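Please read these notes with the model open beside you.

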Amino acid sequence: MPDGTQPPTGRVVGDVIMKVENVSLSFGGVRALDNVSFDVREHEILAIIGPNGAGKSSMLNCINGFYHPQEGAITYKGKRRDTAKTFEAAEEGIARTFQNIALFKGMSTLDNIMTGRGLKMKKNLLWQALYYGPALKEELEHRAKAEEVIDFLEIEAIRKTPVGRLPYGLQKRVELGRALAAEPDLLLLDEPMAGMNHEEKEDMVRYILDVNDEFGTTIVLIEHDMSVVMDISDRVVVLDYGKKLADGTPDEVKRNQDVIDAYLGVSHD
Amino acid sequence: MDFLQAVFVTPFVEIWESPFFFIELVLVGLSTGVLYSLVALGFVLIFKASGMFNFAQGAMVLFAALTLVGLMEHGVPLWAALILSMAVMVVLAFVVERLMLRYLVNQEGLILFMATIGLNFILEGTGQLFWGSDVKRLEIGIPDKPFDLGPILLNTFDVTAAFIGAALVVSLAIFFQKTPMGRALRAVADDHQAALSVGIPLKTIWIAVWTIAGIVALVAGIVWGAKSGVQFSLSLIALKALPVLILGGFTSVPGAIVGGLIIGVGEKVAEGFWGPAFGGAIENWFAYMLALAFLVFRPQGLFGEKIIERV
Amino acid sequence: MSVDTATGLDTFPRLLALNARIRGGKPASREKDYGIWQTWTWAEVAEEVRALACGLAALGFRRGDRLAIIGDNRPHLYWAMPAAQAVGGVPVPVYQDSVAEEMQYVLEHAECRFALVENQEQVDKLLEIKDRLPALETVIYHFPRGMRHYTQPFLHLYAKVQEQGREFDAAHAGFYEAEVAKGAGADLAVMLYTSGTTGRPKGVMLSFDNIIQTARNAAQWEGLTEDDEMLAYLPMAWVGDHIFSVGQAYTTGFCVACPESAETVLQDLREIGPTYFFAPPRIFENILTTVMIRIEDAASWKQRMFHYFMAVAGRVGGDILDGKPVPFLDRVKYKLGEFLVYGPLKNVLGLTRMHLGYTAGEAIGPDIFDFYRSLGLNLKQLYGSTEASVFITIQPNGDIRSDSVGVPAPGVEIRVADNGEVMFKSPGVFQAYYKNDAATAETKTPDGWVHTGDAGFLDADGHLKIIDRAKDVGRLTDGTLFAPKYLENKLKFFPFVSEAVTFGNGRDYVAAFINMDLEAVGNWAERRGLAYTGYTDLAGRPEVLELIADCVDKVNADLAQDDKLAGSQIRRFLILHKELDADDGELTRTRKVRRTVVAERYGDLIAALYSDRDHCEVTATVTFEDGRTDTIHADLKIRDAKVVPPGAARAAA
Amino acid sequence: MFYREAGQFKTTYADDQAVFPILQDKIAVLAVIAVAYSVPLFANEYWLQAILIQFLVFALMAIGLNILMGYAGQVSLGTGAFAAVGAYACYKLTTNIEGLNVIVAILLSGGFAAAVGIVFGLPSLRIKGFYLAVATLAAQFFILWLFNKVGWFYNDNPSGTITAPPRELFGVQITGPAATPEARYIVCLTFLIVGAWIAKNLARGRIGRSWMAIRDMDIAAEIIGIRPLRTKLLAFAISSFYCGVAGALMVFCWLGSAETEAFDLAAVSFPVLFMIIIGGLGSIGGSILGAAFIVLVPIFLTNFPPMIGLEISTALQKHFEEIIFGAMIVIFLIVEPEGVARLWQILREKLRKWPFPY
């Protein structure tokens with residue numbers, strides 16, 4: 001991690017790569033998202049914050065096509081995302097992690113990460129059946145890539161452990177590894193530090209910053225830990241009951257009266 | 001071309017030409033359907049209360065009927081045999097909870113499902129081991145006389161069966177609405193966690209639902225056994241309850257009843273009018289194909305709720 | 001195949017060229033990385049070294065420059081040694097866990113202009129002291145992780161340096177060969193800083209001849225071949241690692257494997273299954289302790305089987321290994337034991353393929369030593385020092401005595417000085433201490449004899465026996481001989497005791513501080529349902545005190561057997577409230593007790609041991625790995641041990 | 001205690017990912033294969049015909065179902081139907097196409113079964129778990145009814161059965177009444193070994209991982225770009241291919257001739273389901289072990305009571321068999337839901353760590 005004396009990053013926040021415009025989503029009358037708009041710029045770290053039930057996870061689910069908003073549009077790299085199928089998100093370079101860990105429990109750490117590379121593997125059924133020649137070559141190439149991710153996240157020791165047996169903090173790390181294995185352009189992280197102890201949080205923050213910094217990955221994250229959010233994000237979007245309260249740099253958001261009233265709960269009289 | 005005509009034209013023409021035959025088939029179907037409904041009801045009860053898909057419900061029908069017939073063959077009078085059979089089903093509920101369910105708490109649905117397949121085999125084997133596997137007649141005094149209702153030929157047996165089924169459904173409804181245990185079970189069905197947290201022991205719930213399912217199975221076994229004899233095929237016929245559930249939805253009691261009737265009527269009518277086009281015996285698969293079609297277009301069934309998945 | 005000595009193969013760069021030529025396709029280096037054992041052949045290593053050497057030259061590394069090498073055992077760091085030597089430089093490996101100040105001393109003393117380090121951690125340490133090291137001009141780092149925002153112009157990536165080197169090489173044809181040709185056997189090959197128990201580290205200067213001849217002699221004597229495989233996991237700055245992983249690897253052509261990390265050494269050991277293995281007694285002890293703890297958790301019939309066959313091995317295993325006659329039935333039992341117990345055990349330990357193992361550095365417990373030998377492992381003690389390029393004596397095959405350190409290694413002469421101090425002379429004798437003529441003159445006589453500082457004697461068969469450090473042997477007030485190390489080792493041979501410090505010189509009786517082994521005692525406590533919160537808590541338990549007292553009593557009973565030592569039985573002892581720690585300066589980096597520091601720091605406790613008090617309160621400051629400190633309070637109980645009168649012991653025995 | 005792994009380190013990913021990375025395992029498996037091929041030298045006809053060939057056929061089917069259920073997590077009770085498709089397709093192919101190599105015919109039959117599997121797998125996009133079981137039951141009943149009703153499938157022969165015609169491979173008769181049990185055994189064994197190997201390859205590669213991803217967490221799988229329908233249908237296709245080939249072998253190399261009853265729920269679908277539950281879901285080796293178990297229990301029940309002087313009727317024996325199977329399923333699900341394969345793994349771990357407990 002860069003030390004404080006130097007400019008924080010070598011990356012440059014670029015143009016808008018994703019636009020969320022007037023998105024609304026309801027479930028049988030309950031309005032989870034209400035006319036939400038914001039932009040995501042290339043290479044930035046954008047945090048979405050808000051109290052429970054503010055619609056943060058629903059927002060991520062709309063972005064990667066798991067939910068389809070009834071109104072509004074989400075445009076990613078010039079293409080409409082809100083109507084796309086779930087699996088197409090990955091094909092367009094969007095990866096994510098989940099609030100409640102969604103690893104493949106029956107598989108090892110390595111296999112989970114290899115699964116993240118599935119889209120990049122092209123060899124057909126027949127070669128796979130033989131597990132020889134091109135299929136083997138491809139498998140080994142991707143194993144090497146997966147090992148880089150393992151190395152990056154320092155999870156060598158649990159490479160072949162079934163993920164179901166891992167402690168919570170490591171599972172979260174493996175999940176990040178699976179997302180990274182896809183070499184995404186946009187990484188959606190749903191409460192990556194929830195339930196972690198201080199040390200694990202520090203590690204995770206380091207990994208997130210490293211990913212952003214080293215691969216230039218754009219990151220949209222949901223997080224409850226305010227100090228972390230204020231520390232690492234370039235911009236913050238505040239949601240409350242499905243509506244956007246504010247968006248801006250951490251400092252701007254911190255000073256926003258609506259946010260203070262609704263979320264931070266600090267009295268101002 | 002002939003085939004298409006046989007499927008899409010001829011049956012309708014026939015229905016038009018002989019409406020009474022059609023109505024008769026519908027009525028026969030309804031009486032079969034009541035039986036399907038009864039079996040399906042057993043499934044729904046257990047599924048609602050414990051999230052367990054009890055594949056052994058059919059075997060329980062066979063087991064209950066075999067027990068009853070077996071006792072009667074040994075000279076036990078009907079009333080005593082009924083009480084004893086009921087007692088056996090209660091004991092079965094306890095045994096299943098004690099030896100199986102309590103070890104499977106918190107397992108995923110698929111494991112539970114497969115465990116009930118195992119139970120299915122145990123029950124089939126045990127029932128037949130004790131009472132033999134030859135077809136037995138079950139004489140419980142339901143009259144079986146045809147009678148005419150206008151131009152339509154009816155059967156007293158079918159009417160009685162329909163009444164028994166209706167009576168069972170009504171008494172279950174009363175049980176669920178009026179008794180504390182019934183209310184407790186409904187609470188569990190609505191929200192597992194909440195019900196458990198207010199202190200209803202899981203063990204009790206399981207025993208209760210399995211007992212009820214056992215008694216429902218006994219009733220179904222009696223009616224069906226009286227109609228066509230008690231034999232191994234009972235447990236296979238009970239598999240028909242599966243499509244019923246798909247139509248009606250796995251968690252809906254009314255669904256089970258309506259679904260049963262639809263399947264019953266559907267397969268009789270299909271056999272009667274469409275059967276010839278396919279060379280007959282389409283009753284065997286009609287229900288499943290209907291269910292399959294349903295699954296593709298409305299997976300939650302007629303009465304089930306659409307599930308919203310979250311991540 | 002051994003290297004012909006007569007062909008001018010007297011420097012490592014030349015040996016490397018030879019290896020690349022005659023066994024170019026054979027593995028030379030391995031490293032567990034990215035999940036597999038990355039392997040480089042001799043030909044590949046030669047190419048890597050050449051690129052690095054030229055890169056160094058391109059960066060302005062000149063003949064005579066010294067290159068500090070800092071990091072864990074990594075092939076890339078090992079390659080830096082012949083690379084520096086090829087262009088006339090001298091590698092100076094530095095202990096990788098040194099704190100910045102220690103590192104500063106070495107780099108300053110050795111006047112290093114160049115440093116080659118493993119990773120960001122080491123770079124950070126160097127950056128911290130860079131201002132105080134005016135001579136240091138260039139830092140090369142191998143692992144780029146986390147280094148992207150380091151903009152200092154003097155930082156260079158290893159791979160980039162090699163790239164530059166390849167360009168340089170292409171532009172200056174014949175440069176590398178010419179530089180290598182300039183080297184000579186008498187040149188300084190390496191400077192190794194000893195981690196002195198007292199005072200500042202001294203830079204021991206070893207020439208190519210020192211290392212190569214010593215390494216080759218020992219390798220030939222032991223029959224090492226190019227097919228051997230070794231695991232390099234001890235610090236690169238330690239002379240032993242230098243001789244084994246560089247000296248013997250280059251002269252013999254065998255393969256050196258580096259573990260993935262310090263934490264995974266045992267796992268990596270199992271995978272590699274080295275044929276040639278060195279470990280200090282401490283590690284053999286630890287392994288044995290874990291073996292015993294694990295077997296105690298096995299089913300009882302397995303335990304019985306294990307102990308039965310271990311007894312068989314204890315009875316005949318050593319003899320079978322030494323080729324002595326053994327009754328047929330015992331042979332059969334041993335064979336069965338090999339299948340059921342010894343084989344699996346060796347496999348679990350990763351020693352299945354080991355045909356030669358050394359231990360040295362301090363005395364190994366006879367029980368531990370015999371345990372390994374009885375399994376059929378050819379484990380031997382050797383006696384050596386940095387000043388000797390390691391080898392002074394080695395136990396010869398087939399003639400192992402657990403109380404001696406063996407016979408002089410090939411080419412070594414030994415004599416015992418009048419004051420009982422052991423002295424030696426060999427081809428491996430160091431050139432001098434760098435910039436410390438006084439110390440050199442003190443240690444090395446003008447005619448080439450070196451003082452070892454150890455007291456000992458040669459027995460009738462020419463085997464050397466070491467008693468203690470010459471200066472440490474003292475006397476009680478009644479004149480009884482007091483050899484502290486000897487007593488401490490005896491205590492440490494118990495699995496429950498991890499460290500012991502004895503006092504007695506100029507005192508009325510012997511008293512001891514004891515560190516219990518947290519793993520062994522913790523396991524023992526768990527089996528008894530004894531809950532505890534940590535070391536201090538457990539150490540304060542009366543049950544534990546009894547457990548340790550039992551060990552002390554046994555040592556006393558043992559001492560009573562010997563007329564000379566019977567008087568130095570341990571009268572009183574206490575269990576320390578914390579583990580002695582290198583970070584607190586109580587141990588050296590090689591985990592030897594710093595007696596004076598301990599005596600100073602725990603003066604109160606020593607006073608209490610020599611009073612009639614039965615407890616002593618203590619407040620201590622401990623330093624954690626991350627540099628934080630904390631104070632702990634404890635009330636230590638002092639206990640009297642059973643002292644056995646000499647006569648009684650013999651009567652009972 | 002047989003394991004001496006020290007020094008068996010891996011220097012390439014290819015070695016690290018080998019099916020049997022430990023030398024001792026590799027040797028053991030090769031030895032088992034060698035013994036399996038030499039079995040005809042000492043096994044009598046009863047053993048070959050009644051036990052071993054049956055075991056091989058069912059093992060292949062179990063592998064097929066395990067791919068679908070154990071790896072891809074899709075429940076199926078239609079194994080019998082897919083096997084029947086293979087058997088009837090093979091019958092039609094061999095009797096209608098003159099000179100078609102019988103091995104080719106068997107493989108083609110697998111292809112037909114795969115196609116049918118895909119059709120009945122289509123609902124798997126929308127439904128899961130036991131809902132899917134119902135869909136596959138539909139396949140089971142419908143297909144058997146179809147083969148029974150439509151004379152074309154059994155060449156309108158009056159008995160309603162299909163009979164394996166005599167066919168040769170390398171000049172040796174391997175199907176038909178004159179084929180020796182030895183020849184048929186070798187054919188089935190070869191199919192099983194090749195089938196197991198291919199299944200293992202699929203399971204450990206990208207395809208296997210996407211199956212398991214769908215099984216373990218379908219939503220997450222979709223979000224990382226796995227196409228659910230394609231993946232599930234592929235599982236259905238390959239599973240049905242195995243079942244189809246096994247079905248063809250069942251008629252051609254084991255039974256000789258069969259009617260649709262041979263493929264009904266109780267004869268095929270349930271026993272094969274039991275094989276993989278007892279053997280171990282998600283394990284190729286487990287499928288084979290499970291098949292051995294399920295094939296051997298009835299044979300044990302037939303032979304053991306007479307051995308100790310007990311005569312039991314076949315009906316009674318059948319009921320015992322049902323109870324034992326049912327109880328085994330329940331016990332395994334409670335005690336070791338991962339089946340014999342897991343038990344074997346535990347034993348192997350114990351041997352590797354011998355004499356230590358950990």
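How many residues of the lining of the largest cavity are nonpolar, polar and charged?

1. The lining divides into 10 nonpolar, two polar and no charged residues. Here Ala, Val, Leu, Ile, Met, Phe, Trp, Tyr, Cys and Pro count as nonpolar, Asp, Glu, Lys and Arg as charged, and the others, Gly among them, as polar.

2. This is a predicted model, in which local features need pLDDT of at least 70 and side-chain atom pairs pLDDT 80 or more, while totals for chains, interfaces and linings use all residues. Side-chain values use heavy atoms, without hydrogens and water; residues are numbered from 1 along each chain, and chains are lettered from A in the order written.

3. The largest cavity holds about 100 Å³ of space. A cavity is a set of points on a 1 Å grid over the protein atoms alone where a 1.4 Å probe fits but cannot get out, and lining residues have an atom within 4 Å of a point. Its volume is the space filled by probe spheres set on the points, which are joined across faces, edges and corners. Among the lining residues are C:W42, C:Y78 and C:C258.

4. Chain C and chain A bury about 1100 Å² between them, 39% of it on carbon and sulfur atoms. Buried area is the accessible area (1.4 Å probe) that two parts lose on being put together, summed over both. The contact (heavy atoms within 4.5 Å) takes 10 residues from chain C and 18 from chain A. On the chain C side, C:Y34, C:R145 and C:H149 lose the most area to chain A, together 56% of what that side buries.

Conventions. On a 1 Å grid over the protein atoms alone, a cavity is a set of points where a 1.4 Å probe fits but cannot get out, and a pocket is an open set with protein on both sides within 12 Å along at least five of seven lines; lining residues have an atom within 4 Å of a point.
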